[in-house]
Amino acid sequence: MTALILSQRERLVKQFERTHAGWKPLRSFFSLAIDIRFPGLKMDELLKPFSRTAEDDDARCLMKEPTEQLRLARRSSRRHFLRTLTGTALAGAAGPSILPAAVLGRGGATAPSERLAFATIGLGNRNLSNLQYFLEQPDLRCLAVCDCFANRRATGKKLVDDKYGNHDCAATRFHEELLARPDIDFLLIATGDRWHTQLSVLAARAGKDVYCEKPFSLTVGEGRTLVETMQRYGTVWQCGMQRRSNDAYRFVAETVRAGMIGRLRTITTFLGPWRGSRVPVLEPMPDPEVFDYDRWLGPAPWAPYAPVRVASWRNHWNTSAGVIVDMGPHYFDLAQWAHDSELTGPLEYEGTATWFDDGFSTVPKTIEVEARYADGVRLLVRNGDKGVRLDGDEGWIHISDFGIITAKPESILRRGRPEVSWQQMGGHVRNFIDCIRTRRPTASNPELAQRAHTMAHCANICLRLGRKVRWNPQTEQFVSDDDANRMLFRTRRAPWNI
Amino acid sequence: MKHFPIFLLVLGIATQALLAAAPPVTNQDVERIIAAAAKFDEGQPNAPLLALEQLVNQTHGNTRLRARLEKQLAAMLGTSASLAAKQFACRQLWLIGTDSSVPTLAKLLANQDTHVAEAACFALSKHPAPMVDKVLREALTNTHGKALLAVINLIAERRDARSVPSLAKLCHSPDVEAASAATAALGKIASPEAIKTLETLRADAANHARLQAAQQLAARGKAGEADKLYRQLADASLPFVIRRGALVGRIRLGGPDALPLVLATLDGAETALKPAAIACVSSLKAGNATAELAGKLPRLPADLQAMLIEALVDRNDPQVRPVLVQATGHADGTVRLAALKGLGTVGDASAVPLLIGHLATDEAAAWSLRALKAGGADQAILAGLNSTQGAMRAKLIGILVDRRCPGLATEIFMDLANPDEAVAHAAWRAFGVVGTPADVPALTKKLMAVTNDGTRATAESAVAQLAGASPEPGRSEPVCAALASAHDPTVRTSLLRVLGRIADDQALAAVAGAGQTDPDAVVRVLASWPNARAWEPLMDFVKNSSNRTHQILAFNGCVRLLQNEPSMERYARMAGFAIRPEEVRVLLSALAEVPKPEALQMAAGYLENAAVRNEAALAAIAIAKGLRGGNRKLVTTTMQRILALVNTADLRQQAQQLLNSPPSKQRAPTPKK
């Protein structure tokens, strides 16, 4: 019977490790679940066979000197790398990696006066996860939460208050109140996509730094405006493309840049499936105190209230742009990183899509896009199990969304490979906080994020137009294609403007 | 006449192409699809809209049809079609609109329904014709509320300088939102008139607009005018965010004032501006910037020193090296860290001894030694390796491995037998990475000489890794040969373990052949074999060994191997040797994961055995669940037997659930391999 139990346990633990590697809260939860199911068995013993080794840590040191052009944009990434080395959570195996205060010369403690204060806007599932990582940081203090939904505001406030053991966290549906508070240093923005640029720009004008979830823009023009705004105000802005600070993804990028799969030929990104919706049923506008629909809609074109519209906002062009902008920026950023083309992008896009016929969705159901860089390297965009595969003359490397790496030749992996799930974002958060203090570019700074998002927008435009489009990364314009160029910008519903 | 065949060929190809292409869009199609879209309203399926969008795409390149389509879309805007239909029509005009639809859209700008006016703005947003600017300017006088805001914002996006007089008036409007939008628009337009107007305004929005105007001017190459604006915006009476923007913008203009401005900011009293100035250091073009800024270092607090050092490193200027060397001796850890890290980026080989000196105390030194790209760095680190011992030597070996230092294997070959365990361990690990299959014979000899248990494990890994990378057959030949000549039991055990990891046929034969001389080691190695090929030799232990421990190890090993590659024939053979309850339990635990009717029958057979009844029931339930509704009769019989024989409530409940569950039409899945 013991063997039976052990077999089940190992399978469960392996599954857990693969899917939630290193995320402390889940690890604790899982430990509890194991304890209930298998009383008397210790979690640490269970995980021992799967814990990381010194070889894994060493693997992160596969460095390649970046080009002069990229040094500025990437320098903070290197600093973060170094600080991770000096930190206690070396392999990222146990929760958010936190730079010890002693390393910063603060004698191991954070004075209240040195704490950065923040507020957060948007309290859906994604941001509740983000928020945990921010709350873990000893040198941060969350002062307020904001959402259009009353129940989400209450959940967010409780999360913060429980963390600090008080009832001080303010809750509001008006982001203007947060912008007006001089005691707030930065905003954590994780709203619906249509709000990301708008709120980032407003925050910058109010002198606040920003951590903003992806996709940060719905058009190329919107993204460029954000980049210029952050430059104008000297704002520190980090895009929530946390794979930039993930050791497994870094390993892949640097392996390719070091030429270990030979000359890069093809990058295939698998963005996962996309679900449809249904015909909206109109309902009376809810009480704004319960759900402020007008504010939720924000800069998107007006449409009457229907619960389906709210639940399926990712399925409509007015409020989002489907699977390509949802997962694309993460993987396109890795593609650019590995291909050493972070400040440019492919020159042409061509593809086919199938479309939902559910009566509501206006985004692609399935996608097949091929983009081509100036050097002939192909970028393929597909559905399929999430991950990225990079093929070269002499081998290939693949990373799943959960950070599991496979490669040929196997010598690439001989030194050990970091295996860090996308969910672990402590390092990305830490990088952002460090940059607020030093005013340096973040790991996912506006320019890098803009390039990755531009690829998503261009891919979408080629699918919407149903034909090949050619792109000029320097001018950020399509070549001789008036239809496509008109799609680079949308007006916003007043009073919202950027 | 002689070209007639070619003509026919071309005609044929053209006909084929026409037949293969989608049917051409006709005027009737346009009218039908637009009529359907005009009837659309929210709450209805959006198929008519999708058809319209597809139609628009199909008209690409067909000017005549597009003109007709545009005309029809514009006509729809004048009907009583729903807001949703009109919004969608505007979205199509956004793509294909020409001057012909502008008058219709102009009328919509003044529509009482703000949402309609906004839709018209959407349609006009990227229309390149100057006529649109004229229409929008006119709309400034006859729109109100949110429609007016939408018009102002669109004028700003279009950078229409001729609208400045109208916008200037709106800046004084009692409508605060309109005034603020007009002010922001002037900043985006950034014409001389716009800037002149902004200088007369005192509202906070004007400061932001002037900052934006300065950025626009800089982007247009008008550095002098931008600098003038930035200077105005540096006034101490203005908000911090404006002054910081002005400072950063002015430094980035890159003129002769940039360096003095950074230096002055570092000398100034406003601490909060200093990091922003430092962050711009890498963009400074002045040749003396590094030296001038380095001169400021001693007068700055430690945190700013660290920031400045990082910024100087980003300049990639060799002049910074002496500054970094000096800062590695700083009392503050943050400064030291920045300096050591900086040496890894801009240092040369001469920095190696210094970095090695810090290796024991500063992890950043290790990072820099790995990162150093300068010529001669490998040689300098190898030279340093020769003068270090103990933990530092081990660490340097690890660093050289990460650098893939040429010649490292030769340098550290003797370290494989280093009496210092850490060094030997590092050397073996290094060989696992930088070694080649050709090294296997020599390494096998070295492995035979290892006396430390901890080192031996690493050594075995290295040999197994390299042997495993060599081509088959013969990859285990050197180790088999060593085994044949080895007499020391510890050495033989070690070699057997290596063979167990190489795990090719030759290795299996060698290990199985040693069963008589080294039964303790052999049974353990076979039990850990990575594939089921070791099952038969392991089963020999179960059948023939007189040593009870070996029998148990072999039995458990056989079960483990079967879990990877299930075989009911082998399970049946094992059942004959599963005598004691412990053995039966192990067997049942494996069977539980085999969703086959034969496995269920075998597990059910143990229900009569009171000592293992519960485990048999648990296994049977697991198998039955794995069958997913298949083999209904067998499952029913077995579950009924469980209910009759087993008293445990949880098991009974599960058995009852399986009995109650409806039969599935699915076929039982094949077991995982």
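Two residues count as being in contact here when they have heavy atoms within 4.5 Å of each other. Keep that in mind for what follows, and remember that this is a predicted model.

With that cut-off, take helix α10 of chain A. Its residues Val220(A), Gly223(A), Arg224(A), Leu226(A), Val227(A) and Met230(A) meet a set from helix α16(A), namely Pro446(A), Glu447(A), Gln450(A), Arg451(A), Thr454(A) and His457(A). α16(A) spans residues 446-465, and the two helices pack at an angle of about 175° with their axes 9 Å apart. Angles over 145 degrees count as roughly antiparallel, so α10(A) is roughly antiparallel to α16(A).

α10(A), residues 220-233, also has a partner in the other chain: helix α15 of chain B, residues 240-253. Here the angle is about 100° and the axes are 6 Å apart, so α10(A) and α15(B) are roughly perpendicular to each other. From α10(A), the contact uses Gln231(A), Arg232(A) and Tyr233(A). From α15(B) come Val241(B), Arg244(B), Gly245(B), Val248(B) and Arg252(B). That group splits into 3 nonpolar, 2 polar and 3 charged residues.

| Helix pair | Angle between axes | Distance between axes |
|---|---|---|
| α10(A) and α16(A) | about 175° | 9 Å |
| α10(A) and α15(B) | about 100° | 6 Å |

Now for the whole interface. How many residues does each chain bring to the contact? Chain B puts in 81 residues and chain A puts in 74. Between them the chains bury about 7,100 Å², with 51% of that on carbon and sulfur atoms. On the chain B side, Trp94(B), Asp314(B) and Trp367(B) stand out: they supply 9% of the area that chain B buries against chain A, more than any other three residues.

The polar side of the interface is worth a look too. There are 21 residue pairs in polar contact between chain B and chain A, counting pairs with both residues at pLDDT 80 or more. Helix α5 of chain B (residues 83-96) gives 7 residues to the side that touches chain A, the largest share. By class, that side of chain B has 31 nonpolar, 25 polar and 25 charged residues.

Side chains of opposite charge can pair when their charged atoms come close. Across the interface of chain B and chain A there are 5 salt bridges. Asp314(B) turns up again in this context, as its side chain meets that of Arg440(A) in a salt bridge at 2.8 Å, N to O. Over all chains, the whole structure has 69 salt bridges. Inside chain A, Asp162(A) and Lys158(A) form a salt bridge through their side chains at 2.7 Å, N to O. Why are these two separated by about one helical turn? Because they sit 4 residues apart in helix α7(A), which covers residues 150-164.

A few backbone details are left. Most residues other than glycine have a negative phi, and most peptide bonds are trans. Chain A has a cis peptide bond from Lys214(A) to Pro215(A), with omega near -15°. Pro215(A) is in the loop between β5 (209-212) and α10 of chain A. Another cis bond runs from Ala494(A) to Pro495(A), with omega near 10°, and Pro495(A) lies in the segment after α17 (482-486) of chain A.

Over in chain B, Arg159(B) has a positive phi of about 55° although it is not a glycine. Arg159(B) belongs to the loop between α9 (145-157) and α10 (164-170) of chain B. Ser173(B) is in the loop between α10 and α11 (176-189) of chain B. The side chain of Ser173(B) reaches the backbone nitrogen of Asp175(B) at 3.0 Å. Leaving aside residues up to four places away in sequence, Ser173(B) touches Ala178(B) and Ala179(B).

Technical notes: Residues are numbered from 1 along each chain as its sequence is written. Chains are lettered from A and ligands numbered from 1 in the order in which they are written. This is a predicted model: local features need pLDDT of at least 70, side-chain atom pairs count only at pLDDT 80 or more; totals for chains, interfaces and linings use all residues. Side-chain values use heavy atoms; hydrogens and water are left out. Axes are lines fitted to C-alpha atoms, for helices over the stretch in contact, and angles run from 0 to 180 degrees between N-to-C directions. Angles under 35 degrees count as roughly parallel, over 145 as roughly antiparallel, 65 to 115 as roughly perpendicular and the rest as oblique. Ala, Val, Leu, Ile, Met, Phe, Trp, Tyr, Cys and Pro count as nonpolar, Asp, Glu, Lys and Arg as charged, and the others, Gly among them, as polar. Buried area is the accessible area (1.4 Å probe) that two parts lose on being put together, summed over both. A salt bridge is a side-chain nitrogen of Lys or Arg within 4 Å of a carboxyl oxygen of Asp or Glu. A polar contact is a pair of N or O atoms within 3.5 Å; within protein, one must be able to donate a hydrogen and the other to accept it, and residues adjacent in sequence count only if both atoms are side-chain atoms.
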